[in-house]
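Here's a quick briefing to read with the model open beside you. It goes residue by residue to begin with, then moves on to helix packing and the chain as a whole.

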Amino acid sequence: PVLDTEDAWVSVEGPVSIVELALEQKRVHYPLVEHQFVLCTVLYAVMRLSVKGVKPLSLFDSKGKNAFFKDLTSIQLLPSGDMDPNMLSIRQQFLLKVVSAAVQTLCSSQKDKEVSEEEYFPFEKGKNWPTLAADLAQYLQISEDLVRRHYVCELYSYGMDHLGEE
């Protein structure tokens, strides 16, 4: 981008402006940033919902694991569309565990009538974990419908039929 500056600023001495420093930075490779975002979301879900028995790096193939340790400005080989069926199975099981843990947390907080969902997750107002899991399914190449069906089944199994109907 072209930055127009006023004449008064041209003769100013001192450190380089933050705008000039930002423009000199290399551009990031967006798919690599997206890949890092998926890992962060997986780690946050494991931590926040106390999902047991998950090895987060096992959800990624060798290309995906190698990409985590590269500079964000570099263009890396990311996983292609063809995935190992075992890897897809591991990813599917993880997403279903996240949905189950989210519904269990929601149900336990609703049974304690004095504790609302906002109080149980104070920094996450409006955070809908099952929807987040469905969005994550796109990145992990799992059917969103499968995750949504599991969510509805979980709601019905916990006696939250009114939410399951929605």
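Thr105 is a buried residue, because its relative accessibility of 12% falls under the 20% cut-off. You'll find Thr105 in helix α5, which covers residues 85-111. Keep in mind that this is a predicted model.

**Thr105 and Ser50**

- The side chain of Thr105 has a polar atom 2.8 Å from the backbone oxygen of Ala101.
- Which residue sits 55 positions away from Thr105 in sequence, yet 9.9 Å away C-alpha to C-alpha? That's Ser50.
- Ser50 belongs to the loop between α3 and α4.
- Is Ser50 buried or partly exposed? With a relative accessibility of 46%, Ser50 counts as partly exposed, whereas Thr105 at 12% is buried.

**Ser58, in the loop between α3 and α4**

- Ser58 lies in the loop that links α3 to α4, and α4 itself runs over residues 62-67.
- A polar atom of the Ser58 side chain lies 2.5 Å from the backbone oxygen of Lys55.
- If you set aside neighbours within four places in sequence, what does Ser58 touch? Ser58 is in contact with Met87 and Ile90.
- Arg91 is 33 residues from Ser58 along the chain, and the C-alpha atoms of Ser58 and Arg91 are 8.6 Å apart.

**Helix α7 against helix α8**

- Two packed helices are described by the angle between their axes and the distance between those axes.
- For α7 (residues 129-139) and α8 (residues 144-157), the angle is about 160° and the axes are 8 Å apart.
- Why call the α7 and α8 pair roughly antiparallel? An angle of about 160° is over the 145-degree cut-off, so α7 and α8 are roughly antiparallel to each other.
- The crossing of α7 past α8 is right-handed.
- On the α7 side, the contact uses Pro130, Ala133, Ala134, Ala137 and Gln138; on the α8 side, it uses Glu144, Val147, Arg148 and Tyr151.
- Sorted by class, the residues of the α7 contact with α8 come out as six nonpolar, one polar and two charged.

**Helix α3 against helix α7**

- Helix α3 spans residues 30-49 and packs with α7 at an angle of about 145°. The axes of α3 and α7 are 11 Å apart.
- Here the crossing of α3 past α7 is left-handed.
- From α3, the contact draws on Glu34, Phe37, Val38, Thr41, Val42, Tyr44, Ala45, Arg48 and Leu49. From α7, the residues are Trp129, Leu132, Leu136 and Tyr139.
- How does the α3 contact with α7 split by class? There are ten nonpolar residues, one polar residue and two charged ones.

**The chain as a whole**

- How many helices and strands does the protein chain have? The count is nine helices and zero strands.
- Going along the sequence, the pattern reads α-α-α-α-α-α-α-α-α.
- Buried residues account for 31% of the 166 residues in the protein chain, and Thr105 is one of the buried residues.
- Take the contacts in the protein chain with a separation of 6 or more: 69% of them are between residues 24 or more positions apart.

Note on methods
Residues are numbered from 1 along each chain as its sequence is written. This is a predicted model: local features need pLDDT of at least 70, side-chain atom pairs count only at pLDDT 80 or more; totals for chains, interfaces and linings use all residues. Side-chain values use heavy atoms; hydrogens and water are left out. Axes are lines fitted to C-alpha atoms, for helices over the stretch in contact, and angles run from 0 to 180 degrees between N-to-C directions. Helices (H or I, at least four residues) and strands (E, at least two) are DSSP runs, numbered from the N terminus. Angles under 35 degrees count as roughly parallel, over 145 as roughly antiparallel, 65 to 115 as roughly perpendicular and the rest as oblique. A crossing is left-handed if the near helix is turned anticlockwise from the far one by less than a right angle, and right-handed if clockwise. Contact means heavy atoms within 4.5 Å. Ala, Val, Leu, Ile, Met, Phe, Trp, Tyr, Cys and Pro count as nonpolar, Asp, Glu, Lys and Arg as charged, and the others, Gly among them, as polar. Buried means under 20% relative accessible area, exposed over 50%, partly exposed in between (1.4 Å probe, protein chains only). A polar contact is a pair of N or O atoms within 3.5 Å; within protein, one must be able to donate a hydrogen and the other to accept it, and residues adjacent in sequence count only if both atoms are side-chain atoms.
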